Amino acid sequence: LWDESHSLPKSADLPRLAGVEFHVIKRHEPADDGYPWLHGVGLGWHKGKLYASFGHNRGAENTATEEARGRVSTDGGRTWGEVFTIDTGTDAPDLAVSHGVFLSHDGTLWAFHGAFYGKMGRIHTRAYTLEEDTGRWRPRGVVVEGGFWALNQPVKMADGNWIMAGACVGVYSEKTVNPPAVAISRGDDFTRWDLVPIPTAPGLGMWGESAVIADGARVVNLARWGAQAQALVAVSADYGRTWTPSAPGNLPMATSKPAAGLLSTGQRYL
């Protein structure tokens, strides 16, 4: 990932960006709202408004009482409206719907959220669209199965399909491999996605929350290792259909979910 002919700056020496403001979207306030668990913010611009979603649970993390909720801002994230609910898992008594990501396309705001049964059983991703006249979220059904949890917003590729980064996960343990994965759309049909789990280097355990950088047919997947503060890297040369095994790269990265992409300048960011 890093051109080793150039020195890698130390984080303590990086300059602070000017003009950056910090605003709270939703405080963690279980004594007031009854939700001790709050996690997993997704952000998306839609028609001049900034939408935020997050996972909320009146019980413990990764249990059947998890809900997908959010807020919307009309002033660029400085202040936020009332909390709304995308889904509480009403399809089944033990269904949980948790945090996800947004995509605004052709006048419609889509949301893709990780979901599971019981305690992290049968993990999958569900889609929703916003009905703007009522503020309600219309369920569009299960769109990716096989343990896939969407973790970064879809990115359009040069072949006309969209690629959405995430992980194929189950109940976490130190002995399991939870590899990074991508879902690839069939054009602009966001109800049908092809799941592509990314192979992993032999003997490498991980909690593979991931992001992608799409540049033509070449797509780079950057995943969370967890064991070390180092980026895991996999590369595809065919729009995400096949991949090199995910393996340690030469760039330090915090042991948390990454976000990555390609700027309008052509620069890659992580």
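**Stop 1: the largest nonpolar core**

Start by selecting F112, F148, M164, F190 and W193, which have the most contacts inside the largest nonpolar core, a group of 16 residues. Keep in mind as you go that this is a predicted model. Now colour the strands that supply this core: β5 (95-105), β6 (108-117), β8 (136-144), β9 (148-150), β11 (162-168), β13 (180-186) and β14 (189-197) each give two or more residues to it. Which of them gives the most? That is β11, with three residues.

Next, centre the view on W193 and show its surroundings. Leaving aside residues up to four places away in sequence, W193 touches F112, V143, V144, P154, W162, M164, A183, I184 and S185. Two of these names, F112 and M164, you have already selected as residues with the most contacts inside the core.

**Stop 2: an open sheet of four strands**

Move on to β1 through β4. These four strands form an open sheet in the order β1-β2-β3-β4, with antiparallel pairing. Look at the edges, where β1 and β4 (84-87) stand: each has a single partner strand, so one side of each is left without a neighbour in the sheet. From one strand to the next, the twist averages 30°.

Select β2 (residues 49-57) by itself. Is this strand largely enclosed or open? Eight of its nine residues are buried, so β2 is largely enclosed by the rest of the structure.

- β1 (residues 37-46) and β2 run antiparallel, joined by eight bridges. To see one of the pairings, show G42, whose bridge partner in β2 is S53.
- β2 and β3 (residues 66-73) are also antiparallel, again with eight bridges between them. Here, show F54 and find R69, its bridge partner in β3.
- β3 and β4 pair in the antiparallel sense over three bridges. Show A68, and opposite it in β4 you will find D87.

**Stop 3**

A word of background before you zoom in: most residues other than glycine have a negative phi.

Is K47 buried or exposed? Its relative accessible area is 56%, and K47 is exposed, since the cut-off for that is over 50%.

Now jump to M120, in the loop between β6 and β7 (121-131). M120 is not a glycine, yet it has a positive phi of about 60°. Its setting is a buried one: M120 has 8% relative accessibility, where buried means under 20%.

**Stop 4: the largest pocket**

Finish at the largest pocket, which holds about 660 Å³ of space. Select W2, L251, P252, Y269 and L270: of the 24 residues that line this pocket, these are the closest to its centre. Then colour β17 (218-223), β18 (230-236), β19 (247-252) and β21 (268-269), the elements that give two or more residues to the lining. Which one gives the most? It is β17, with three residues.

Definitions and conventions: Residues are numbered from 1 along each chain as its sequence is written. This is a predicted model: local features need pLDDT of at least 70, side-chain atom pairs count only at pLDDT 80 or more; totals for chains, interfaces and linings use all residues. Side-chain values use heavy atoms; hydrogens and water are left out. A nonpolar core is a set of buried Ala, Val, Leu, Ile, Met, Phe, Trp, Tyr and Cys residues joined through side-chain atoms within 4.5 Å. Buried means under 20% relative accessible area, exposed over 50%, partly exposed in between (1.4 Å probe, protein chains only). Contact means heavy atoms within 4.5 Å. Two strands pair if DSSP finds at least two bridges between them. Axes are lines fitted to C-alpha atoms, for helices over the stretch in contact, and angles run from 0 to 180 degrees between N-to-C directions. On a 1 Å grid over the protein atoms alone, a cavity is a set of points where a 1.4 Å probe fits but cannot get out, and a pocket is an open set with protein on both sides within 12 Å along at least five of seven lines; lining residues have an atom within 4 Å of a point. Grid points are joined across faces, edges and corners, and a volume is the space filled by probe spheres set on the points.
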